[in-house]
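Dear colleague,

I am handing over the structure below, and the notes that follow it set out what was found. Please read them with the coordinates open beside you.

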Amino acid sequence: MSELTLTVMRLGFLAVLWLFVIVAVQVIRSDLFGTRVTQRSGRRGGEQRPAPARQASPRQQQPSRGNRQKRGAPTKLVVSEGSLTGTTVALQGQTITLGRAHDSTIVLDDDYASSRHARIYPDRDGQWIVEDLGSTNGTYLDRTRLTTPTPIPPGAPIRIGKTVIELRK
């Protein structure tokens, strides 16, 4: 093998080794410091949309006439413990995602929450279901760790790390 070929191979191996070290340092850094949480109140794509994890207006909390819900069915999701205590999201038949990811419906600033931690969605009978999305620390419904999608009784606490969420009327 020529000296030039051997030198190029050595430099290539050195570059791959440094790339591995840089990636390993970035992974360790993200594990130690987590992801940066930013406000979502800015404009995106020329239109401004409100952050869905904020207090909903009274008009939005009422179920629409075209989308009737059962009597006694929950109408809002309330954060009762954690850094977002008091936050209310109106239940309007859409899926609600919870986690540290910026595109989650409720962005959790919690070290024990995964980026895509759990989701809450309605089934065909109008009942709400909570599902853990393969999180590391788990999602708990009334002190029971979820392993399958489970119906949520109104008022039952859903715990994700230090955050507790409840469905209310």
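K76 stands opposite A90 in strand 2, where strands are DSSP runs of E, at least two residues long, numbered from the N terminus. Strand 1 (residues 76-81) and strand 2 run antiparallel and are joined by three bridges; two strands are taken to pair if DSSP finds at least two bridges between them. Both belong to an open sheet of six strands in the order 2-1-11-10-7-8, with antiparallel pairing, and its edges are strand 2 (88-90) and strand 8 (144-145), each of which pairs on one side only.

This is a predicted model, in which local features need pLDDT of at least 70 and side-chain atom pairs count only at pLDDT 80 or more, while totals for chains, interfaces and linings use all residues. Residues are numbered from 1 along each chain as its sequence is written, and side-chain values use heavy atoms, with hydrogens and water left out.

Within it, strand 5 (residues 118-122) runs antiparallel to strand 6 (residues 128-132), and five bridges join them, with P122 standing opposite W128 in strand 6.

**Confidence**

The chain has a mean pLDDT (the predictor's confidence in each residue, from 0 to 100) of 80, and 77% of its residues reach 70 or more. Over residues 41-67 pLDDT stays under 50, and there the model has 29 contacts beyond four places in sequence, a contact being heavy atoms within 4.5 Å. Where pLDDT is low, the predicted coordinates should not be read in detail.

Terms used: Helix = DSSP H or I, 4+ residues; strand = E, 2+ residues; numbered from the N terminus.
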